[in-house]
Amino acid sequence: MDKLLVHGGTPIHGTITISGSKNASLPILAATLLTEEDCVIRRVPDVSDTNYMVQILTGLGSDVERFSGTVRVTAAEISDTAPYDIVRRMRASVCMMGPLLARKKRCVVALPGGCVIGDRPIDLHIRGLEALGATAEVEGGNVILSAPNGLKGANIDLCGDNGPTVLGTDNVMMAATLAEGTTTITSAACEPEVVDLADFLNAMGAKVSGAGTPVITIEGVEKLHGCVHNVIPDRIEAGTFMAAAALAGEGVTLRRVNEGHLAAITQALRKAGHQVHFNDSGDVCTVHRGDTPMPAEIVTEPYPGYPTDMQAQMTALFVTTPGTSVVVDTIFPQRFMHCAELKRMGADISLSEGKAIIKGVKGLSAAPVMASDLRASAALVLAALTAKGTTEINRLYHIDRGYEHIDEKLLALGANVERVRE
Ligand SMILES: CC(=O)N[C@H]1[C@@H](OP(=O)(O)OP(=O)(O)OC[C@H]2O[C@@H](n3ccc(=O)[nH]c3=O)[C@H](O)[C@@H]2O)O[C@H](CO)[C@@H](O)[C@@H]1O
Ligand SMILES: C=C(OP(=O)(O)O)C(=O)O
């Protein structure tokens, strides 16, 4: 198990390029199952989640080639059963259900278990696929969906208690592309990753409109074909480096970002007293730490609100920001595992029901810490950049799920970090 040593106290500066989005790549890779023709997807980040997705596709019978950020998938003949061994490693494997069901009229996909960031049910996914005419049963830890006579378009509302569902919207949208007739999804997730998937599906010949709004309409077609697609930049990787720059930066520039996708993060950083500047085309961003960082309140919300996937990193920033900041996670109220580790480094955080109250401390001191999930590990790396001494971040595989070559990018910015391979 690799670990990361962060020797704190070296400011970061310079320029890096942001990778393609993990959360856009995963459903797009799953969508390749909707056609037997070649799909070429560019800018797929080299992270373990996309590697697992490639293994699932291969396990289903797809022919997959991967070279310098590009993945070519040909799903000429595939089975309907996703291999449990790999599926269980990744929550996003749940988005195999929609395309497999549409293509094979039946699928068997292992149920994703609980998750350290909280309960992650899939009731809305199932409800949506049932509305399209599938029957669902759970047997031996698997969801078995079948629609022997094919899927039929329907009106489906996908609002849950905590708002819309991103992968649920993806699943229903993918399934509906090959359904007979028209499907309308209301309370759809509006995240840019949903829009990127819709763009990919349309490039395959699907008829999807309204993605990016709460109402998505899909006119079913008989067949989809191969296509070439470039994945959008990873707004969470970009946001993480923006927060790192606000915390420990002397001017950090990020290339290949999308200003629109980063609006809520930009607003939060500016409110906290930091300077964020975009070029005219909105694809290059420079962040300078403000002279007088200020406490702030952030509340996570579905897009275009502040993303839950950037909650832990902002918490890390507030830990050494003078004054009292408040962080509320409405999407995953239990997603505060990073706080216990940050406290071991000297943070002053109190937790209550989905809320962290953070009293800024003068400085942190290094400690051995344990990464508990992807974004929690990112928060620990950020905190460690300014901590006194060497922080040892264990279980680095969490961060490798979603950050492409994070140690190399940090080194390129002048941080003093070492990956220890074990
Ligand atoms: C691979 C990927 O893209 N993952 C992202 C996706 O996860 P994912 O799509 O799994 O998250 P959802 O959008 O589904 O979850 C949003 C909320 O809805 C609830 N819910 C979800 C499904 C369901 O059937 N029933 C239900 O109640 C969840 O518990 C949560 O409270 O969106 C999350 C919310 O932005 C992000 O944190 C994840 O990084
Ligand atoms: C929670 C995340 O991913 P996943 O949904 O794949 O667990 C994330 O990207 O922050």
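## Around ligand 2

Sorted by class, the shell around ligand 2 has three nonpolar, two polar and three charged residues. For the classes, Ala, Val, Leu, Ile, Met, Phe, Trp, Tyr, Cys and Pro count as nonpolar, Asp, Glu, Lys and Arg as charged, and the others, Gly among them, as polar. The residues in question are Asn23, Arg91, Ala92, Ile117, Asp309, Leu374, Arg375 and Gly402. A residue counts as near a molecule or strand if its C-beta atom, placed from the backbone, lies within 6 Å of it. Domain 1 (3-19 + 233-420) and domain 2 (22-221) each give at least three residues to the ligand 2 shell.

A word on what you're looking at: this is a predicted model, where local features need pLDDT of at least 70 and side-chain atom pairs count only at pLDDT 80 or more, while totals for chains, interfaces and linings use all residues. Residues are numbered from 1 along each chain as its sequence is written, and chains are lettered from A and ligands numbered from 1 in the order in which they are written.

## Around ligand 1

Ligand 1 has 24 residues around it, and Asn23, Leu124, Asn162, Thr165 and Leu167 come nearest. By class, that shell splits into ten nonpolar, seven polar and seven charged residues.

Helix 1 (22-31), helix 5 (123-131) and helix 6 (166-177) each put at least two residues into the ligand 1 shell. Helices (H or I, at least four residues) and strands (E, at least two) are DSSP runs, numbered from the N terminus.

The protein chain is assigned domain 1 (3-19 + 233-420) and domain 2 (22-221), with bounds that come from an automatic or database domain assignment. Their C-alpha centres sit 30 Å apart. The contact takes 22 residues from domain 1 and 16 residues from domain 2; two residues are in contact if their C-beta atoms, placed from the backbone, lie within 7 Å. On the domain 1 side, the touching residues divide into nine nonpolar, six polar and seven charged.

## Helix 12 and its partners

Two packed helices are described by the angle between their axes and the distance between the axes. Axes are lines fitted to C-alpha atoms, for helices over the stretch in contact, and angles run from 0 to 180 degrees between N-to-C directions. The axes of helix 10 (residues 311-319) and helix 12 (residues 374-386) come within 8 Å and cross at roughly 25°, so helix 10 is roughly parallel to helix 12. Angles under 35 degrees count as roughly parallel, over 145 as roughly antiparallel, 65 to 115 as roughly perpendicular and the rest as oblique. The helix 10 and helix 12 crossing is right-handed: a crossing is left-handed if the near helix is turned anticlockwise from the far one by less than a right angle, and right-handed if clockwise. Helix 10 touches with Ala312, Gln313, Thr315, Ala316, Leu317 and Val319, and helix 12 with Arg375, Ala376, Ala378, Ala379, Leu382 and Ala383. That contact has nine nonpolar, two polar and one charged residues.

Helix 11 (residues 337-344) packs on helix 12 as well, with axes that come within 9 Å and cross at roughly 25°. That makes helix 11 roughly parallel to helix 12, and their crossing is right-handed. Met337, His338, Glu341 and Leu342 in helix 11 meet Ala376, Ala379, Leu380 and Ala383 in helix 12, giving six nonpolar, one polar and one charged residues.

## Helix 4 on helix 6

Helix 4 (residues 97-104) packs against helix 6 at about 15°, with the axes 7 Å apart, so helix 4 is roughly parallel to helix 6. This crossing is right-handed. From helix 4 come Met97, Gly98, Pro99, Leu101 and Ala102, and they meet Asp170, Asn171, Val172, Met174, Ala175 and Thr177 of helix 6. Seven nonpolar, three polar and one charged residues make up the contact.

Check the peptide bond between tyrosine 303 and proline 304: it's cis, with omega about 10°. Proline 304 sits in the loop between strand 17 (297-300) and helix 10.

Serine 187 has a positive phi, near 55°, in a residue other than glycine. You'll find serine 187 in the loop between strand 10 (182-186) and helix 7 (192-203).
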